[in-house]
Amino acid sequence: MPTTTALVFDLGGTHLRCACLMRERKFANFTQERVRSFHDGLSPFAIWNELLDKVVSYVTSSQPLVERDAPLAFSFPGPLRESGSIVNAPTVSGLDEHVPDIRAELARRTGRDVYLLNDVSAAALYLARQSPWDRFMVITISSGIGSKICFRSSGNLVLFDKGPYAGEIGHLTVDESKIAPTCDCGGKGHLGAIASGRGIELLARRWAVTNSSAFSSSLCHRKFGATAETLSNERHIVPSIRERDAWALKVLEQACRPLAKVLNTVILAVGLQGIFVIGGFASSVGPIYVEVLNHLLQLGSDYSPLVFSPQMVKLIELDEQACLHGAAEYALMLHKEPE
Ligand SMILES: [Zn+2]
């Protein structure tokens, strides 16, 4: 008999969410607590120890709710190797690559099967249940850029997420110039340093210096009081875009150009039917983000067998339990088939 219950976890840069998956995909005993990261000045060793202790104590206190062989599934904010081990967790322990083998450690301490999946994969599995498409991509536009492709085959979901670079389109070099911005991975001119929230802020600051008269007539300056030095997404750029300020929209459009090229390539390569856009920056801009992206996608797509439609891009605001649901889906998918 396959299990129908699981213990599911979602680790973000600042939170750990836990839940018990019960029958009929309902959650019980949902908890959310703040976790400490390298931003709090903790050593990687202390961060991981604290986190593992929290997970183990949740598993212990939830024993009565789940089956004896219920697995653990863990949505993780970083790339994973094909073996399931973690490459790094930039939002949790910085670029330190000595992340412990969480899967083995949790399996040893709880005596249960443990599955780890990337958080964008978890979001993709969650969205698959409400997707009108059989072949789709999820992209996250926040301080960086990530993606995953998912497809449905004979009713089963398949994720393209094997290997530590699967979905890491944010690290494609799209600017080879000398002044190309540096990515948080250390690379230069990567898509994630240009079309992300961080990239857009940097481009706006550069433009504010190189063409100060255009900048001073923008809402960023006139209405929201920005200077080239203080210009920020939260206080100036995003509010200006939402009021359709021409200067701010131009910054957004310029930054999104290489992203549209990459997405059009993937649409043609895989025959994608649609793209879900998630992530803090895209959500903060709202429907105008998708409008700008659609316009650029359309410009780069005049091949007649593909009739691009604005319906192919959907902006989704994920609720706080989305990655837990994705992790639950993953646990049920893997746990029913003995490997
Ligand atoms: Zn990079």
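Is leucine 296 buried, exposed or partly exposed, and how many other C-beta atoms lie within 10 Å? Leucine 296 is partly exposed, with 19 such atoms, where buried means 20 or more other C-beta atoms within 10 Å of a residue's own, exposed means 12 or fewer, and partly exposed lies in between, the C-beta atoms being placed from the backbone. This is a predicted model, in which local features need pLDDT of at least 70 and side-chain atom pairs count only at pLDDT 80 or more, while totals for chains, interfaces and linings use all residues. Residues are numbered from 1 along each chain as its sequence is written.

**View 1. Leucine 296 and its contacts.** Leucine 296 belongs to helix H12, residues 287-299 (helices are DSSP runs, H or I, of at least four residues, and strands are E runs of at least two, numbered from the N terminus). Beyond its neighbours within four places in sequence, leucine 296 is in contact with Glu253, Cys256, Arg257 and Ala260, contact meaning that C-beta atoms, placed from the backbone, lie within 7 Å.

**View 2. The buried side of helix H12.** Tyr289, Leu293 and Leu297 are the buried residues of H12. They lie on the same side of H12, because they cover an arc of only 60 degrees around the axis, taken from the directions from the helix axis to the C-beta atoms. Their cover includes helix H10 (246-270), strand E9 (274-278), helix H11 (280-285) and strand E10 (313-315).

**View 3. The two domains.** The protein chain is divided into domain 1 (6-126 + 320-335) and domain 2 (131-315), with bounds from an automatic or database domain assignment. Their contact takes 13 residues from domain 1 and 16 residues from domain 2.

Methods. Two residues are in contact if their C-beta atoms, placed from the backbone, lie within 7 Å.
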